Amino acid sequence: MLRPKRFYGKGLPGVALDQLRGQLIVVEGADGSGRSTQIDMLRNWLERRGSPTVNVGLKRSMLVSRELEQAMQGNILGTRTLSLFYATDFADQLENRIIPALRSGFIVLADRYIYTLMSRAIVRGVERAWIRDVYSIALVPDAVFYLAVSPKILVERNLRKHAVLDYWESGMDMHRSSSMYSSFIEYQRLIQKEFRAMQEHYGFETINGNRSPRAIQNELRAKIEVILNGKSGLVEEESDDSNREERIARAITTFADGSEGDQPPLRR
Amino acid sequence: MTETEAGKLVAVEGLDGSGKSTQVYLLKRWLELDGYKVFFTEWNSSAIVRKATRKGKKRQLLTSTTFSLIHSTDFADRYERQILPLLNAGYIVLADRYVFTAFARDAVRGCDRDWIRKLYSFAIKPDVTFYFDVPLKTALSRILDGRTRVKYHEAGMDMGYSKDPYESFRIFQGKIYNEYRRMVREYDFIRIDAEEPPDVQQAKVREILEMKIDLPRYRWHGSIYPQHTP
């Protein structure tokens with residue numbers, strides 16, 4: 001039996017939780033942690049298995065994504081306002097994309113979820129209790145994987161890819177250092193500390209993201225396999241399901257072959 | 001809700017058609033013409049957020065939760081950038097609708113009352129909250145007489161009470177009225193009988209304000225260039 005769905009708090013009005021047949025899988029991590037790459041690979045793997053998927057992420061709601069982007073360009077909103085703007089974006093996607101997809105039995109792959117939003121707000125001085133209450137409307141995911149990557153490696157990956165560090169991911173709005181490099185490292189450390197603190201409360205799984213994409217993907221697939229087979233808990237149990245082992249092995253080989261011909265272009 | 005800063009916060013609440021906007025306008029005119037530091041702010045008026053709200057309403061994209069969150073974003077923007085700094089600077093801030101409007105409307109739309117209150121828990125409690133109390137019938141006739149149509153959300157059409165906008169409006173406003181009545185004691189609203197003539201109401205409002213606030217402290221005095229020598 002799959003674990004029944006629940007909200008963190010009172011949740012959304014008018015949602016019948018027992019009708020949500022799909023699975024919500026969240027991948028969290030900083031820019032450069034390999035989140036998007038991992039999600040793209042998971043999507044190929046799941047769709048090859050025959051499971052329909054839906055991708056969601058931050059700032060992608062129909063309701064406010066454009067307005068939110070504009071406001072961030074000007075950097076004119078206060079911390080609390082920005083938090084609530086993001087919460088609106090999240091709620092719109094939760095109600096109009098995530099929940100309908102789960103109702104139809106899709107696997108929802110979330111490129112970040114409330115944890116990034118909460119940690120960003122908290123390191124900028126918003127009270128933990130308040131932001132938790134705001135996000136008590138959120139659905140508890142079936143699995144949350146946090147790709148932890150050391151800040152130094154994050155810098156290298158970001159610079160190699162874009163030759164520039166992102167203003168917000170470097171916490172430049174916090175004015176902790178005029179050096180973008182130092183600010184990035186310090187900001188990412190603060191965020192990671194917050195994630196570690198949240199881990200106890202929200203119980204998500206930390207994945208060592210310093211490794212190769214393949215190694216990470218193999219670990220994710222094995223863990224997701226367990227969840228999809230209806231066994232709650234993320235610890236590998238002794239299993240007589242030889243099929244399952246075979247499937248994992250096949251998935252791993254498939255990926256090792258690099259035969260991911262239908263992989264969509266990587267999102268930024 | 002926390003306590004206020006150097007300035008004073010005065011909120012007005014009431015149903016659409018209670019006449020509260022007229023009363024707060026007159027209050028503002030009195031204070032500014034008599035030389036007080038006064039600032040006026042209106043519900044749902046942050047320039048940045050309003051665009052998103054308008055789109056959401058127009059295309060009917062909003063649910064009770066996103067309706068609530070987008071209004072709280074609007075409020076937070078006005079709060080962080082205007083209300084709070086102006087209170088810190090010793091202004092009298094007049095708010096045409098405050099968090100109580102969200103408490104009433106969002107609860108009617110089905111949001112959890114406790115969640116809504118927590119959402120707005122960062123907002124300070126007003127020093128004075130005037131509640132313009134008017135029987136539902138009077139409010140409805142003031143709004144509906146001489147109006148050709150009521151707006152979709154104003155009428156609560158999103159709630160599906162009735163296909164007829166006027167009937168829907170009646171039902172929706174009735175429910176909001178009940179929410180306000182629940183809050184009168186909880187939040188120390190000062191009740192003003194909104195059926196009295198406007199000038200009588202305004203005289204009462206001014207009298208109460210003079211009792212509650214040491215007004216002379218909020219007068220403009222001195223120069224904004226104190227070091228300036230001619």
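At what angle do helix α6 (residues 136–144) of chain B and helix α7 (residues 165–186) of chain B pack, and how far apart are their axes?

A: This is a predicted model, in which local features need pLDDT of at least 70 and side-chain atom pairs count only at pLDDT 80 or more, whereas totals for chains, interfaces and linings use all residues. Residues are numbered from 1 along each chain as its sequence is written, and chains are lettered from A and ligands numbered from 1 in the order in which they are written.

α6(B) and α7(B) pack at an angle of about 135°, with 10 Å between their axes. Helices (H or I, at least four residues) and strands (E, at least two) are DSSP runs, numbered from the N terminus. Axes are lines fitted to C-alpha atoms, for helices over the stretch in contact, and angles run from 0 to 180 degrees between N-to-C directions. The angle therefore makes α6(B) oblique to α7(B); angles under 35 degrees count as roughly parallel, over 145 as roughly antiparallel, 65 to 115 as roughly perpendicular and the rest as oblique. The crossing of α6(B) over α7(B) is right-handed, that is, the near helix is turned clockwise from the far one by less than a right angle.

On the α6(B) side, the contact is made by Leu136(B), Ala139(B), Leu140(B) and Leu144(B). Tyr166(B), Arg170(B), Gln173(B), Gly174(B) and Tyr177(B) make it from α7(B). Residues are in contact if their C-beta atoms, placed from the backbone, lie within 7 Å. By class, the residues of this contact are six nonpolar, two polar and one charged. Here Ala, Val, Leu, Ile, Met, Phe, Trp, Tyr, Cys and Pro count as nonpolar, Asp, Glu, Lys and Arg as charged, and the others, Gly among them, as polar.

Chain B also holds an open sheet of five strands with parallel pairing, in the order β2-β3-β1-β4-β5. Two strands pair if DSSP finds at least two bridges between them. β2 (38–42) and β5 (190–193) of chain B stand at the edges, each with a single partner strand, so one side of each has no neighbour in the sheet. From one strand to the next, the twist averages 20°. β2(B) runs parallel to strand β3 (residues 92–96) of chain B, and five bridges join them; Glu42(B) has Asp96(B) in β3(B) as its bridge partner. Helix α1 (residues 20–33) of chain B packs on this sheet, touching β1 (8–14), β2, β3 and β4 of chain B, and its direction makes about 160° with that of β3(B). Helix α8 (residues 198–212) of chain B packs on the sheet as well, touching β1, β4 and β5 of chain B.

Chain B also meets chain A: 25 residues of chain B are in contact with 26 residues of chain A. The elements of chain B giving two or more residues to that side are α2 (47–58), α3 (64–88) and α5 (113–119), and α3(B) gives the most, with 11 residues.

As to confidence, the mean pLDDT (the predictor's confidence in each residue, from 0 to 100) of chain B is 90, and 93% of its residues reach 70 or more. Within chain B, confidence is lowest in α2(B), at a mean of 82, and highest in strand β4 (residues 128–133), at 98. For the complex, the predictor gives an ipTM of 0.84 and a pTM of 0.83.

Note on methods:
Two residues are in contact if their C-beta atoms, placed from the backbone, lie within 7 Å.
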